[in-house]
Every structure is written in structure tokens, then in C-alpha cells.
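Dear colleague,

I am handing over the structure below, followed by an account of what was found in it. Please read the notes with the model open beside them.

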Amino acid sequence: MASERINRRTKQKAVILEFVKLNKDVHLRAEDILEGLRQKGEPVGKATVYRFLKVLEDEGMIRKYTISDKTPACYQYVGDHPECRQHYHLMCSRCGAVAHVDSPSVRAFMDETLKNQGFYIDAGKTVFYGVCRDCMNKKVSDTAYAVSDVKDSGQEEEL
């Protein structure tokens, strides 16, 4: 059982869990965990990190996000906060930044889709792609929009 695997703590598991908890507001890749622990003088094996992340995911202590096939999975500590398990993501197509969003409008759309089409949308795997405010301000390419252009059109929503 997974909870038994969490309770059988080794020093390596303890430092992995502590690192994930300390970075609960960040989407961490396994490589980020490995590098962060190495910098702290707590080197942990790659296989150990992946195995323990799977255990934590199975227990519902972390959430795994697969944003795209081109990027490694990210993990976020949710602990005892079930509300963190049901938010959506905005991903910038230019810089790769990921932001959380919890929108009553999106929830209403999902409920309506379930009711009318009998189709359940998994909030944990829902990612909206677009261009973040920073990239809009930088005008990364000829097709980028300035934030002021979006504001003038009345289409900007709070991230």
C-alpha cells in the first residue's frame, strides 16, 4: 500500500518530501528536485526521486502535470488542500510559464459540458495555451500583442 511506503521514511524520502513542501507554489520537474537537493548538499538518486514522486502522487499528496509531450512532467505539493487539486492552468506558448487559474466561468462550462454532452473534462489535465502578460509586453514577435491592446479591447482577464 502506498501510505505504508510514505511512512517507511528514509532520509532520502524525507528530504525529497521536505523540498517539495517548501516549493509548494512551484511546478517542479524531477530534475529541479535533483538539482535543488544537490545544491543543498543532499544528493539523491534519480530513480529514488521518480519512485517516491509516484508514491506521493498515488497518495494524493502531489499532483502530476503533463503540460505537453515536449516538456517533462511537473509536480506540485497539494498535501491536505483538496482545492489545489481542481484548478486549471494557463501556459505561455512563448516562454513556457505556467499559472494557476480557478474560474467560476470555466467550472460552469465544464458542468454544462458534462450535463449536455455527457463528457467529463479532467480539470487536472486542462491547460489553456496563450501568451502571458510578460511576453505580450516584450513583443517577442511581430504577432505578439501589447497588454494595452488587450485592455483596450476589454478582453483581458485577471491571471
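From the N terminus on, the elements run α-α-α-α-β-β-β-β-α-β-α-α, and the chain holds seven helices and five strands, where helices (H or I, at least four residues) and strands (E, at least two) are DSSP runs numbered from the N terminus. This is a predicted model, in which local features need pLDDT of at least 70 and side-chain atom pairs count only at pLDDT 80 or more, while totals for chains, interfaces and linings use all residues. Residues are numbered from 1 along each chain as its sequence is written, and side-chain values use heavy atoms, with hydrogens and water left out.

Of the 159 residues of the chain, 36% count as buried, a term that means under 20% relative accessible area (1.4 Å probe, protein chains only). Among contacts (heavy atoms within 4.5 Å) between residues at least 6 apart in sequence, 48% join residues at least 24 apart.

Helix H3 spans residues 30–39, and its buried residues are Ala30, Ile33, Leu34, Gly36 and Leu37. Their cover includes helix H2 (11–22), helix H4 (46–58) and strand E2 (74–77). Just after H3, Gly41 takes a positive phi of about 80°.

The axes of H2 and H3, which are lines fitted to C-alpha atoms over the stretch in contact, with angles running from 0 to 180 degrees between N-to-C directions, come within 10 Å and cross at roughly 105°. The two helices H2 and H3 are therefore roughly perpendicular to each other, the word used for angles of 65 to 115 degrees. On the H2 side the contact is made by Val15, Ile16, Phe19 and Val20, and on the H3 side by Asp32, Ile33, Gly36 and Leu37.

Strand E2 is joined to strand E1 (residues 62–65) by four bridges, and the two run antiparallel; strands pair if DSSP finds at least two bridges between them. Tyr65 stands opposite Cys74 in E2. From E2, Cys74 and Gln76 point one way and Tyr75 and Tyr77 the other way, yet all are buried.

How many disulfides are there? The count comes to zero, a disulfide being a pair of cysteine sulfur atoms within 2.5 Å. The sulfur of Cys132 has its closest cysteine sulfur in Cys135, at 3.7 Å, which is too far for a bond. Cys132 is buried, with a relative accessible area of 16%, and Cys74 is buried as well, at 11%.

Conventions. Buried means under 20% relative accessible area, exposed over 50%, partly exposed in between (1.4 Å probe, protein chains only). Angles under 35 degrees count as roughly parallel, over 145 as roughly antiparallel, 65 to 115 as roughly perpendicular and the rest as oblique.
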